[in-house]
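Please look through the structure below with the sequence alongside.

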Amino acid sequence: MVEFRIRRFNGDETYWESFEVPTRRGMTVLEGLYYIKENIDSSLTFRASCRMGICGSCAVKINGRPKLACETQIASVGNKIILEPLDNFTVLKDLVTEFEGFFAKHKAVKPYLIRSDVSYEEPKELIQTPSELRNYYIFTLCIKCGACYSVCPAAATRDDCLGPAAMMAAYRFCADSRDRGEDARISIASKDLAVWRCHLAMECSEVCPKKAEPAKAIQLLRRKTAVNAIKSILRW
Amino acid sequence: MPILDWFKFTNRSVYSLAFAIQRITGIILLFYLCLHLIFLTSLTDRTGETYESLIAVTVSKQFLLFDILLVLCGVSHGINGLRVIVHEFGFVYEYRKVVIGFAFFLVIVAWLYASYVMYCLVGG
Amino acid sequence: MKMQYDIVIVGAGLAGMRAAIAAAEKSKKLSIAILAKTYPIRCHSVCAEGGTAAVLREDDDYDLHAWDTIKGSDFLADQDAVEFFVRNAPKEILRLDNWGCPWSRREDGRIAQRAFGGHSVNRTVFAADRTGFHEVHTLYERLLIYDNVDIFSEYFLTNLIVEDGSIKGVATIELKSGDLVIFETKATVLATGGAGRLYGFTTYSHQVTGDGMAVAYRCGVPLKDMEFFQFHPTGLVPSGILMTEACRGEGGYLRNKFGERFMEKYAPEKMELAPRDVVSRAMWREIIEGRGIDSEFGSYIALDLTHLGEDKINERLPMIRDAAIKFAGVDPVDEPIPVRPVAHYTMGGIHSNKNCETQIAGLYVAGECACVSIHGANRLGSNSTIECLVFGKVAGEMAAEYALNSSGSHVPKDFILNEESRIFDHLLGRNGDENPYSLKKELNETMDKKLWIFRDRDGLSEAVGKIRELKERYSNVEINDKSKGFNTDLTSTLEIGYMLDLAEVVATAALYREESRGAHYRIDFPKRDDVNWLKHSLAYYTPEGPVFKYIPVTITKWKPTERKY
């Protein structure tokens, strides 16, 4: 039996509640949450979908560190599992937080391939070598779970900061050899509340469940913005 | 207060700890900088008396402990700052574990050396 | 609360988002709403792994892709639809490339293709082993460009509003506030996905409960071929997480307790790359005849990738390696992965034609929730993602054309009051004895035992009886969480209601079909019977249970032959 201690919120007040969950070998934290919902208290509210670490719904703080509940084995955490919703997000109910702002920031960096010589009616194959693909592939692995945003000190101090995931999405397209829209994205990334807010706490890369290296992407984006800024000053 | 999140390092990696220490030592050094400016502006009395009296108080065996701690702040802020500069713009990010380990080693070496020099300067 | 849109798309997976893009491209004047019960990038389509099939190169041929699909379907697929489908597939791959999808490449920079079960040529395009994930993110990011598309996340479908045989609107619950939100619309596309959570051991996400299918069924649209459920050969034990067919496509072997590659006995030519129903039956037979490997989670078969080498696994199957280590504690580089056949795909669905039309004017369906039918009695791997793209486009364009040529609709007020009363007073407000989650557990157990790979009359009749009993008990269910905002207890209970309706259709359809074809195998009728059963089953809703009609299969070029691999 393992104790699940969950920080709950019912719309008015925050309170802690503990549940005893019977476990078996290989059981994940998410399975524990479903056990509580289906057998003890069905008002427990959390997000979950794929249970295989690819949809990004179930990111929560487990014993203080943001992780995907579906990928975390109960045995690796211990006998007392403390669950809280992610930091830097507004809590809606129990472990569910507001995500509209997060997706709006992602949209703001123009995270789509910009290229004028392709047509919708007659698409054509674009050439990209395996090494060009490797340049940016790791940054495409973002599942938008929000773990990086919840540990970013810049995002903690300013609500309107873009955050690691959005900036990694911006870099992913700048580094894609098929893209021609770098200028549009650089002008967004070089604003005050974007790339220059990062002072290298590097925690985002440590908690990313897909090891997509957001801190590296932000620094490479910073390099691009700096080079662009110098070029424009020297009128190159 | 959101700004207190800068100093969160429980359940975080060593990089967040370095980040928090950078902010704390930065504030301490800022305070020291003001003190340093006060010391130096005291030279405007052209005789050097105020300066010499201040120095007599602060460069002494009683103040050695504060000085050693101050040097630790300065050295770690500087060397960690260099580490941050190396990683910014995306260089050797894959070797960040090695880099932070090496930076920590340099901090200890530089601090011990500086402490030894100060210890000698205040007379054994 | 009421909102007005020209087109409403329910479901934001591959098919839904492709339909939204197609409709937005058709006309900037159309206002389009796309609704999903999660955020769009958290749909079940992200779990697709292996690839997307299309004819891209000169060594391949449309007729060959069509023949592979039709033979794979055990000749139940409608051949005119399949011919249309294979000819429209290649452009979808290229469009995704133009929109930024990181397809895996050959050395010369062109899109790579790999081998897959049932395909005679290597035509499966892939993006590492996360093809669905990359396709979904590419479509979502592309969707952000269109100003006339509004994305409504976490809206739960409760009903369709139909009057005089045409669609008037869609009723949903906005999860955040708990309010009933009505969308008045001219045209609707349903792209809500399959119904895999009927089963306990399944590759599906928790959210895939067949909402759209059940709602359309209750509104009078028939469900076609619901007895055909695909069982994917390699599901990780014990979680059910999918181990993609690409594992076998890249050269993996299946071994029983004695280390034999037993597929030699069942499909000597194609071996592990025979179609999924053939491989699943082979594996299940090995298990029930005692040649499976025992473990605390039951018997399993070993999926052996150890001879592929670490480099190939890291390049072509990185997510599989990660999942096997994380969820089964096994590193495929060193040890074989424990797998067992798992419920994976719903071949059946809402009856539609190759224009995605249903019998309700203005209602279009696409993706897994629709049954055109392309996949017939068994789907080939990597044919589903491309079906979603091709028919998502068709549904979006058809809906756009319909909306451009029709006038606005109005949802009557008493419908809204009835719907609110049905959900909030009668379901949420009532007291009862039953825990809805135990009904779900019993449903899963019944489906896992009686509607699995090998079926027989006794098992199926018992299943039908048990499901009817569960439906009775459902009318006595109580929802404990009476709050308004973000009430997942209410939505889960509604989902369980949908699943019970669908399970009744699946079980009854399976009981009536007295032959074995594709994924539906009857021990008491083990042969395929083209004389009596070369037809689609249509299930119509009545309060006493589904009523069945049968319609013929469209045959153009390929006469049914013996299906050997």
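Beyond its neighbours within four places in sequence, A:Leu141 is in contact with A:Lys210 and A:Ala212. This is a predicted model, and the contacts described here are computed from it. Along the chain, A:Leu141 and A:Ala212 are 71 residues apart, yet their C-alpha atoms are separated by 5.9 Å. In terms of secondary structure, A:Leu141 belongs to the loop that lies between helix 4 (130-137) and helix 5 (147-151) of chain A.

The next level up is the division of chain A into domains. Chain A consists of domain 1 (2-97) and domain 2 (100-233). The centres of domain 1 and domain 2 of chain A, taken over C-alpha atoms, are separated by 30 Å. To the contact between them, domain 1 of chain A contributes 14 residues and domain 2 of chain A contributes twelve residues. On the domain 1 side, strand 4 (residues 65-68) of chain A has the largest share, with four residues. Sorted by class, that side of domain 1 of chain A, where domain 2 of chain A is touched, has seven nonpolar, three polar and four charged residues.

Chain A also meets chain C. How many residues of chain C are in contact with chain A? There are 43 residues of chain C in contact with 43 residues of chain A. On the chain C side, at least two residues each come from helix 3 (79-98), helix 4 (131-143), helix 10 (318-328) and helix 15 (488-512) of chain C. Helix 3 of chain C gives the most, with five residues. The side of chain C that touches chain A is made up, by class, of 16 nonpolar, 13 polar and 14 charged residues.

Strand 7 (residues 155-163) and strand 8 (residues 166-174) of chain C run antiparallel and are joined by eight bridges. Within this pairing, C:Asn159 has C:Ala171 in strand 8 of chain C as its bridge partner. In a regular strand, side chains alternate between the two faces of the sheet. Strand 7 and strand 8 of chain C form a hairpin, with two residues between them. In the turn, C:Asp164 has a positive phi of about 55°.

Conventions: Residues are numbered from 1 along each chain as its sequence is written. Chains are lettered from A and ligands numbered from 1 in the order in which they are written. This is a predicted model: local features need pLDDT of at least 70, side-chain atom pairs count only at pLDDT 80 or more; totals for chains, interfaces and linings use all residues. Two strands pair if DSSP finds at least two bridges between them. Two residues are in contact if their C-beta atoms, placed from the backbone, lie within 7 Å. Ala, Val, Leu, Ile, Met, Phe, Trp, Tyr, Cys and Pro count as nonpolar, Asp, Glu, Lys and Arg as charged, and the others, Gly among them, as polar. Domain bounds come from an automatic or database domain assignment.
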